Amino acid sequence: MTADQPARAAFVPESGAHEVVDLGDLGARLGSWRPRLVASDLDGTFLTSTGEVSPRNHAVMAACRAAGIPFVGVTGRGPRLLESVRGALDGQGIAVLAQGGYVVDLERDEVLRTVGMSREVATAVIESIERVAGDLIVAVEDAAEQADAMAPLRVQHGFDWPYPEPAHLLPRHEVLPVGAVLKVFLRSSRLDEDELLARARAVVDPRVAELTHAGLGFIEVLPPGVTKATGLAVALDHFGARFSDVLVFGDMPNDLPMIEAVTAAGGRAVAMANAHPAVRAAASDRTSGSDADGVARYVEAVLALEEPGV
């Protein structure tokens, strides 16, 4: 926490990361349903708090693929962090990045989706939010071309970016590029991400921009219709699957669109023990924390169930 950030007395995701959850009679809860695809958020879900894939999670990802069940990573990480995502997923299958705005076939190294927002729209959205939230600190991911999307993040001085990666530190008036952006990050020195998101959603029409946060102390502004659900839909089309076939794991509000889409279709959504309260409320089940192999524990139990009728 920097000196100008407020003390966070509310939700602390790390508090449940090591918690082990008893799954009980999973077979009774699932009935005859079995997944045809597993989708998982990465940070706070499939990755440990140190950003690594545990041996147990790695093994269960391989077990899914050996059983003919695709394993899809769905993350807020942008294309600049593609290699870290590729490594986490063993370079196989589809990766959904940038909250759904950038989807990649890792094996063919082919970009299946990239969606940008104009500088004019981004500027107008930032101004609208600042009218109800006060001055904000801005960072931006480029999106005009694939090469731009891989360029270093454009960061206003004082943003306090959480990842150790190259970044262009710029004055506020130079942060937004001339061309399109993949997404915009907004940080407040006095509001936490939940309060900032609530104020932003009160003044920004979802037909203009999608707003979310990933529990990192700032909110994200994306092109309209860009969510983890619409990004996951690209992967589902690739594999010939439906939302009703999906077993999905998540921990933060940016996971809610895919959790809600899967649940509404009849699939299964699982919240981590360290999940945000909104995610726990939306998910149909719960598993252990991200530092206690929560994804692996749940998927192992599912794979151990006999197929219906056997």
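Helix α5 (residues 119–133) packs against helix α8 (residues 193–203) at about 120 degrees, axes 9 Å apart. That angle makes α5 oblique to α8, oblique being what is left after under 35 degrees (roughly parallel), over 145 (roughly antiparallel) and 65 to 115 (roughly perpendicular). This is a predicted model, with local features needing pLDDT of at least 70 and side-chain atom pairs counting only at pLDDT 80 or more, while totals for chains, interfaces and linings use all residues. Residues are numbered from 1 along each chain as its sequence is written, and side-chain values use heavy atoms, with hydrogens and water left out.

**Terms**
- Axes are lines fitted to C-alpha atoms, for helices over the stretch in contact, and angles run from 0 to 180 degrees between N-to-C directions.
- Helices (H or I, at least four residues) and strands (E, at least two) are DSSP runs, numbered from the N terminus.

**The α5–α8 contact**
- On the α5 side sit S128, I129, V132 and A133, meeting L196, R199, A200 and V203 of α8 (contact: heavy atoms within 4.5 Å).

**The sheet**
- Six strands make an open, mixed sheet, ordered β8-β7-β6-β9-β11-β10; strands pair if DSSP finds at least two bridges between them.
- At the edges are β8 (167–170) and β10 (210–213), each pairing on one side only.
- From one strand to the next, the twist averages 20 degrees.
- β6 (residues 137–142) and β7 (residues 153–156) pair antiparallel over 2 bridges.

**Helices on the sheet**
- α5 lies across β6, β9 (181–187), β10 and β11 (219–222), at about 15 degrees to β9.
- α8 touches β9, β10 and β11, its direction making about 170 degrees with that of β10.
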